[in-house]
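Visitor: Hi! Could you walk me through this one in plain words?
Guide: Happy to. Let me put it on the screen.

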Amino acid sequence: MDSKIVLITGATAGIGEACAEKFAENRYQLIITGRREEKLKKLARRLEQEYKAIALPLVFDVRNQKQVENAIRELPDNWKKIDVLVNNAGLAAGLNTVQEGQISDWEQMIDTNIKGLLYVSRAVSPAMIERKSGHIINIGSIAGKEVYPRGNVYCSTKHAVDALTKGMRLDMMKHGVRVSQVAPGAVETEFSMVRFKGDRERAEKVYDGYRPLQASDVAEAVFWVATLPDHVNVNDLLIMPTDQANATTFHKL
Ligand code: NDP
Ligand code: 8X3
């Protein structure tokens, strides 16, 4: 039997990279995407060396609908049958009140986390629907379940991912396509460095005094969701550090 194909957005770092590793270890063929070409190439080489996995790096910005459409349309024939799409690319930019927020931060988050997820899903899902098989796994967040101080726009984008997951499931259920959300609490990745625009001290404080999730913990959950029997769908999986009870309550030493 041919190996299954998984497309992971945002595979150059963090949760996406860990998902790539987990699927590679389990003999999937991978389409790994992101904006940083060198990182994608390096990851493809590593996955090939460590797991003999075949990985196709595909460079695009999820905010650019034409780039997304062209990249998916121009996939070589033997890469077109995407079995699993992991919509992971995303970010938080800044942590401000609305009255002090930067408009460019809001636009980047909305364009990436909502519109980018939609562009990729729109490009990939028709072939799944035609084949009556496929699985879309959206990476949501505890920020899509609750709103925390100064989280306004980022939390809104993740609430949108929550709603889109539900909407896509309603749209695609009759076509045999599964749609799931995996929604993590705090995960130690590049996320906070990106949110605080390279301020390492501020970023590191986010993970101080408790044990955050690691990207590999989330990858385990994503892989489990993706490999359940066809008749089983995990609608929503909220995965938190043991030391984090909700969006704002941590058990710190
Ligand atoms: P990282 O910053 O480590 O990774 C983010 C990934 O998204 C990178 O690979 C980056 O690739 C990609 N990305 C960002 N913007 C774009 C873009 N415009 N086009 C294409 N790719 C893009 O963060 P995480 O791994 O933590 O985040 C992954 C997902 O998990 C996000 O959706 C985030 O919201 C969510 N999440 C994170 C949590 C956390 O605490 N870390 C908790 C809950 C959810 P590149 O820069 O190469 O384009
Ligand atoms: C990332 C987790 O709590 O920083 O989605 O929003 S949080």
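Visitor: How many salt bridges does the structure hold?
Guide: There are 19 salt bridges, each being a side-chain nitrogen of Lys or Arg within 4 Å of a carboxyl oxygen of Asp or Glu. This is a predicted model, where local features need pLDDT of at least 70, side-chain atom pairs count only at pLDDT 80 or more, and totals for chains, interfaces and linings use all residues. Residues are numbered from 1 along each chain as its sequence is written, chains are lettered from A and ligands numbered from 1 in the order in which they are written, and side-chain values use heavy atoms, with hydrogens and water left out.

Visitor: Which side chain meets Arg-36 in a salt bridge?
Guide: That of Glu-190, at 3.3 Å from N to O. The pair links distant parts of the chain, 154 residues apart: Arg-36 is in the loop between strand S2 (29–34) and helix H2 (37–51), and Glu-190 is in the loop between strand S7 (187–188) and H6. Helices here are DSSP runs of H or I with at least four residues, strands are E runs of at least two, and both are numbered from the N terminus.

Visitor: How far apart in the helix are Lys-115 and Asp-111?
Guide: Four residues, in helix H4 (residues 103–131), so they are separated by about one helical turn.

Visitor: New topic: ligand 1. How many residues surround it?
Guide: 30 residues do, and the closest are Thr-12, Arg-35, Asn-88, Tyr-154 and Thr-189. A residue counts as near if one of its heavy atoms lies within 4 Å. By class, this shell has 13 nonpolar, eleven polar and six charged residues. In that scheme Ala, Val, Leu, Ile, Met, Phe, Trp, Tyr, Cys and Pro are nonpolar, Asp, Glu, Lys and Arg are charged, and the others, Gly among them, are polar.

Visitor: Which polar atoms approach the oxygen atoms of ligand 1?
Guide: Among them, an N or O atom in the side chain of Arg-35 is 2.6 Å from an oxygen atom of ligand 1. A polar side-chain atom of Lys-158 lies 2.9 Å from an oxygen atom of the ligand, and a polar backbone atom of Glu-190 is 3.2 Å from one. A polar contact is a pair of N or O atoms within 3.5 Å; within protein, one must be able to donate a hydrogen and the other to accept it, and residues adjacent in sequence count only if both atoms are side-chain atoms.

Visitor: How much of ligand 1 does the protein bury?
Guide: 96% of the 880 Å² that ligand 1 exposes when taken alone. Accessible areas come from the Shrake-Rupley method with a 1.4 Å probe, and for residues only the protein chains shown count as cover.

Visitor: What surrounds ligand 2?
Guide: Ser-141, Ile-142, Ala-143, Tyr-148, Tyr-154, Phe-191 and Arg-195.

Visitor: What does the side chain of Thr-157 reach?
Guide: The backbone oxygen of Tyr-154, at 2.7 Å. Thr-157 sits in helix H5 and is buried, at 1% relative accessibility. Its side chain also joins that of Asn-113 in a polar contact of 3.1 Å.

Key
Buried < 20%, exposed > 50% of the residue type's maximum accessible area, 1.4 Å probe, protein only.
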